Amino acid sequence: MTIAIGFEGSANKLGIGIVRDGVVLSNVRTTYITPPGQGFLPRDTAKHHRENIIDILRRSLKEANIKPQDIDCVCYTKGPGMGAPLVSVAVVARTVAQLWRKPMVAVNHCIGHIEMGRLVTGAVNPTVLYVSGGNTQVIAYLERRYRIFGETIDIAVGNCLDRFARVLKLSNDPSPGYNIEQMAKRGKKLIELPYTVKGMDVSFSGILSYIESMAPKLLESGECTPEDLCFSLQETVFAMLIETTERAMAHCGSGEVLIVGGVGCNKRLQEMMGVMAKERGAKLYATDERFCIDNGVMIAQAGWEMFRSGCVTPLEETTCTQRYRTDEVEVTWRDDS
């Protein structure tokens with residue numbers, strides 16, 4: 001029996017979770033929410049994490065009904081993410097590991113999402129669409145690596161949606177992407193927007209610039225509503241993602257597709273992906289907001305897998321990095337056969 005605790009704070013979500021041999025014991029999270037029209041700055045986000053992390057840690061241990069001595073390893077997000085928030089959480093993880101005299105495991109944030117998705121859904125070897133505020137990648141596993149087949153060449157899809165939500169002055173509670181999704185459900189008119197797929201890669205900065213500049217004119221003239229704009233943006237960017245994911249599935253001969261990351265909660269994205277998967281005779285796997293949105297238990301699960309395969313991070317190497325690619329990590333815990 002192995003118990004792992006995971007610390008996550010790479011962006012505006014702060015989470016601590018505990019797993020025991022594939023069973024989630026606790027998953028406690030808090031979100032730094034800014035006023036409408038504003039994003040979150042690294043310095044202020046790190047301050048939020050520092051102010052809340054002890055309370056979140058206490059709640060996580062209480063929910064799991066375990067004591068520090070029961071824990072086998074302390075896992076934390078090494079990257080990718082925002083520098084100041086990453087470091088603020090890593091310092092606490094490093095401190096408790098020394099206080100509790102437990103080994104540490106440095107976890108790649110993206111792989112945390114993948115391993116949590118595999119655990120929750122039961123997907124065996126899926127093509128993965130990883131979509132969040134900071135990352136957009138199409139991934140498949142081969143020979144001890146999660147290989148990136150395609151990705152954004154500029155901003156992430158979640159960042160594109162969030163930034164357009166600021167243009168419309170939508171609330172950041174619970175998240176700008178969620179509020180765009182709700183508005184899009186009421187949209188009726190599809191506005192033509194730039195569609196940029198370059199091979200296996202996608203680009204969102206052009207579509208964002210276009211809709212940002214056109215929105216005031218379209219709304220003022222009465223040509224469309226804010227709901228129509230949200231609907232049009234979602235439909236366009238999701239179609240781009242489905243296209244590249246399907247191409248990767250065809251290349252790999254994959255019969256499974258898994259959506260992970262914060263944008264993966266979006267029901268319309270899941271619906272569109274489900275149509276594509278059905279046409280291919282494949283199966284779609286997706287999770288809800290408990291495990292899609294950044295959380296500590298995904299770091300615990302990935303760290304649990306790593307720890308059981310013999311991966312431990314020396315204390316002097318428990319650093320953070322804002323750039324840490326998914327395919328940099330050797331996947332020692334999966335059986336290629």
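Biologist: How are α3 and α10 oriented to each other in this model?

Modeller: In this predicted model, α3 and α10 are roughly perpendicular to each other. Helix α3 covers residues 109-121 and helix α10 covers residues 296-308; they pack at an angle of about 85 degrees, with their axes 8 Å apart.

Biologist: Which residues meet there, in α3 and in α10?

Modeller: From α3 there are His109, Ile111, Gly112, His113, Glu115, Met116 and Leu119. They meet Val297, Met298, Ile299, Gln301, Ala302 and Glu305 in α10.

Biologist: And by class, what does the contact of α3 with α10 have?

Modeller: The contact has seven nonpolar, four polar and two charged residues.

Biologist: Turning to α5 and α7, at what angle do their axes cross?

Modeller: The axes of α5 (residues 176-184) and α7 (residues 226-252) cross at roughly 110 degrees and come within 7 Å. Angles of 65 to 115 degrees count as roughly perpendicular, and α5 and α7 are therefore described in that way.

Biologist: Which residues of α5 and α7 meet?

Modeller: Ile180, Glu181, Met183 and Ala184 represent α5, and they meet Pro226, Glu227, Cys230, Phe231 and Gln234 in α7. By class, this contact of α5 with α7 has six nonpolar residues, one polar residue and two charged residues.

Biologist: A change of topic: how is the protein chain divided into domains?

Modeller: Domain 1 consists of 3-114 + 291-317, and domain 2 is 125-289. Their centres, taken over C-alpha atoms, are separated by 27 Å.

Biologist: How many residues are in contact between domain 1 and domain 2?

Modeller: On the domain 1 side there are 17 residues, in contact with 20 residues of domain 2. The two domains bury about 1600 Å² between them, and 63% of that area is on carbon and sulfur atoms.

Biologist: How many salt bridges are there between domain 1 and domain 2?

Modeller: The count between these domains is one salt bridge. Separately, by the rule applied here, the count comes to 14 salt bridges.

Biologist: Which side chain does Arg29 meet in a salt bridge?

Modeller: Arg29 meets the side chain of Glu289, at 3.0 Å from N to O. Another salt bridge has Arg59 and Asp55 as its partners, at 3.8 Å from N to O.

Biologist: How far apart are Arg59 and Asp55 in helix α1?

Modeller: Arg59 and Asp55 are four residues apart in helix α1 (residues 42-64), so about one helical turn separates them.

Biologist: Is the phi of Glu143 positive or negative?

Modeller: The phi of Glu143 is positive, about 50 degrees, although this residue is not a glycine. Most residues other than glycine have a negative phi, and most peptide bonds are trans.

Biologist: Where is the place of Glu143?

Modeller: Glu143 is in the loop between β7 (136-142) and β8 (145-151).

Technical notes
Residues are numbered from 1 along each chain as its sequence is written. This is a predicted model: local features need pLDDT of at least 70, side-chain atom pairs count only at pLDDT 80 or more; totals for chains, interfaces and linings use all residues. Side-chain values use heavy atoms; hydrogens and water are left out. Axes are lines fitted to C-alpha atoms, for helices over the stretch in contact, and angles run from 0 to 180 degrees between N-to-C directions. Helices (H or I, at least four residues) and strands (E, at least two) are DSSP runs, numbered from the N terminus. Angles under 35 degrees count as roughly parallel, over 145 as roughly antiparallel, 65 to 115 as roughly perpendicular and the rest as oblique. Contact means heavy atoms within 4.5 Å. Ala, Val, Leu, Ile, Met, Phe, Trp, Tyr, Cys and Pro count as nonpolar, Asp, Glu, Lys and Arg as charged, and the others, Gly among them, as polar. Domain bounds come from an automatic or database domain assignment. Buried area is the accessible area (1.4 Å probe) that two parts lose on being put together, summed over both. A salt bridge is a side-chain nitrogen of Lys or Arg within 4 Å of a carboxyl oxygen of Asp or Glu.
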